[in-house]
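Please keep the sequence and the model in view while reading.

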Amino acid sequence: MMHDTRKGRLLLTLTIALMVLVLAYTALTEFGIADMEGYIQRRLYYERSISGKGMDLHKAMHWRESP
Amino acid sequence: MGKKVQCDLCPTECVLEEYQVGGCRTRINKGGVLYSLVYGKPCAVAIDPIEKKPFFHFLPATRAFSIATAGCVLGCKFCQNWQISQAAPENTDTKTLLPDDVVRQAVFYGCRSITYTYTEPTVFYEYMYDTAVIARGRGIRNTMHSCGYIKERPLRGLCRYLDAADVDLKAFTEDFYSRICGGRLRPVLDSLVVLRAAGVWTEITNLLIPTLNDDMAKIREMCVWIVKNLGAGVPLHFSRFFPHYRLKDLPPTPVQTLTDARATAMEAGLQFVYIGNLRSDAENTPCPGCGRVIIERAGYEVKQNHLRGDACRFCGTKIPGVWN
């Protein structure tokens with residue numbers, strides 16, 4: 001049987017851990033996971049369906065770097 | 001991850017992340033550099049009568065070496081070549097035909113011109129441009145059939161090597177371009193003005209679709225705009241619609257609608273108004289001076305040509321066009 005104090009500490013620790021996880025997930029979602037997921041999908045498509053099929057790339061005219 | 005790039009070729013102005021492909025399906029950002037996926041990779045190569053493009057005032061009865069790659073800058077629901085225009089190049093059967101080879105083959109098959117057509121040539125701009133430069137050097141003319149959805153700077157660059165353009169003016173409302181094509185009307189009108197000002201021979205095609213763009217008041221408005229901004233001598237081809245792609249629920253254009261549109265255009269002041277996708281006398285070119293038929297056509301075939309130089313053989317009236 002656990003003491004009430006121990007139970008309280010365990011609950012507090014779990015609550016803090018959960019909060020940290022939620023905050024970390026939110027931060028990562030905000031700052032990169034979605035971008036990273038999209039990037040990986042695009043990269044995989046390029047490697048498998050474009051480069052993988054031997055399609056050549058030719059430098060395009062009329063474009064610029066975007067801020 | 002690399003830098004984003006912005007494509008400046010068509011008015012859509014796609015901003016692309018690393019490894020992202022543009023809306024046209026033919027341009028990709030790799031490492032912060034924009035690349036074409038279709039250079040030297042046509043999915044359609046054919047030799048056609050120039051009348052098929054349609055050009056009725058440009059080197060009649062000659063052959064045009066015609067090429068296209070996959071992709072398009074628009075997504076018209078009525079597209080007649082949607083199998084290639086709405087396809088990604090990696091999912092299309094292509095062959096390798098570099099600009100040199102295109103010109104060499106055009107010469108070999110006795111073609112007077114190369115036409116960039118079937119899909120939207122803007123999407124293979126670099127391929128078209130390089131081919132056009134070589135063709136010009138070999139005395140082969142360059143023509144394109146385009147939707148005109150291209151930005152001014154690339155169009156002006158191309159105009160230096162372009163001899164003729166047939167532009168699809170799909171309707172005369174922004175609503176039609178937005179709902180049916182996924183684009184805008186204004187840039188197309190701007191392109192027509194640029195082409196004309198640059199001295200590129202220009203003809204216009206308008207596909208008449210029942211209930212969507214067959215309002216005679218709008219057709220009249222369009223024709224008045226053409227007369228005012230491009231001139232009365234610009235040939236206009238009204239083309240008959242047949243159900244295709246995502247507009248299979250509409251009937252073919254009634255013949256009466258086409259003849260009414262032609263009458264409306266001529267009342268608005270246009271001198272050369274044709275009807276396409278339908279066999280009729282409206283395939284012929286009458287002389288605006290004496291009214292006699294100077295070029296008689298049956299489909300894509302020229303039956304009689306009564307031009308002497310660039311003038312009517314009967315009355316001497318000059319007929320606008322590129323005749324030799």
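## A buried threonine and its surroundings

B:Thr205 is buried, with a relative accessible area of 7%, where buried stands for under 20% relative accessible area, exposed for over 50% and partly exposed for what lies in between (1.4 Å probe, protein chains only). This is a predicted model, in which local features need pLDDT of at least 70 and side-chain atom pairs count only at pLDDT 80 or more, whereas totals for chains, interfaces and linings use all residues. Residues are numbered from 1 along each chain as its sequence is written, chains are lettered from A and ligands numbered from 1 in the order in which they are written, and side-chain values use heavy atoms, with hydrogens and water left out.

B:Thr205 belongs to strand β10 (residues 201–208) of chain B; helices (H or I, at least four residues) and strands (E, at least two) are DSSP runs, numbered from the N terminus. Leaving aside residues up to four places away in sequence, B:Thr205 touches B:Pro54, B:His145, B:Asp166, B:Val167, B:Asp168, B:Leu169, B:His237 and B:Ser239, contact being heavy atoms within 4.5 Å. In β11(B), B:His237 is the bridge partner of B:Thr205.

## The strands around β11(B)

Strand β11 (residues 236–240) of chain B is mostly covered, with 5 of its 5 residues buried. B:Leu236, B:Phe238 and B:Arg240 point one way from this strand, while B:His237 and B:Ser239 point the other way. On the β12(B) side, B:Ser239 has B:Gly276 as its bridge partner.

The table lists strand pairs, and two strands count as paired if DSSP finds at least two bridges between them.

| Strand pair | Bridges | Direction |
|---|---|---|
| β10(B) and β11(B) | 5 bridges | parallel |
| β11(B) and β12(B) (residues 273–276) | 4 bridges | parallel |
| β2(A) and β1(B) (residues 5–7) | 3 bridges | antiparallel |

β10(B), helix α7 (residues 216–229) of chain B and β11(B) make a right-handed β-α-β unit. From β11(B) the chain goes through helix α8 (residues 255–267) of chain B to β12(B), and this β-α-β crossover is also right-handed. A crossover is called right-handed if, with the strands pointing away from the viewer, the path from the first strand over the helix to the second runs clockwise.

## Where chains A and B meet

An open sheet of 3 strands has the order β2(A)-β1(B)-β2(B), with antiparallel pairing. β2 (63–65) of chain A and β2 (15–16) of chain B stand at the edges, each with a single partner strand, so one side of each has no neighbour in the sheet. Within this arrangement, A:Trp63 stands opposite B:Cys7 in β1(B).

In the contact between the chains, 34 residues of chain B meet 23 residues of chain A. The area buried between them is about 2,700 Å², of which carbon and sulfur atoms give 63%; buried area is the accessible area (1.4 Å probe) that two parts lose on being put together, summed over both. Across this interface there are 2 salt bridges, a salt bridge being a side-chain nitrogen of Lys or Arg within 4 Å of a carboxyl oxygen of Asp or Glu. The side chains of B:Asp8 and A:Arg64 form a salt bridge at 2.7 Å, N to O.

## Cysteines

The structure holds 0 disulfides over all chains, a disulfide being a pair of cysteine sulfur atoms within 2.5 Å. For B:Cys7, the nearest cysteine sulfur, that of B:Cys24, is 6.3 Å away, and B:Cys7 is buried at 9% relative accessible area. The sulfur of B:Cys43 is 11 Å from the closest cysteine sulfur, in B:Cys79, which is too far for a bond; B:Cys43 counts as buried at 16% relative accessibility.
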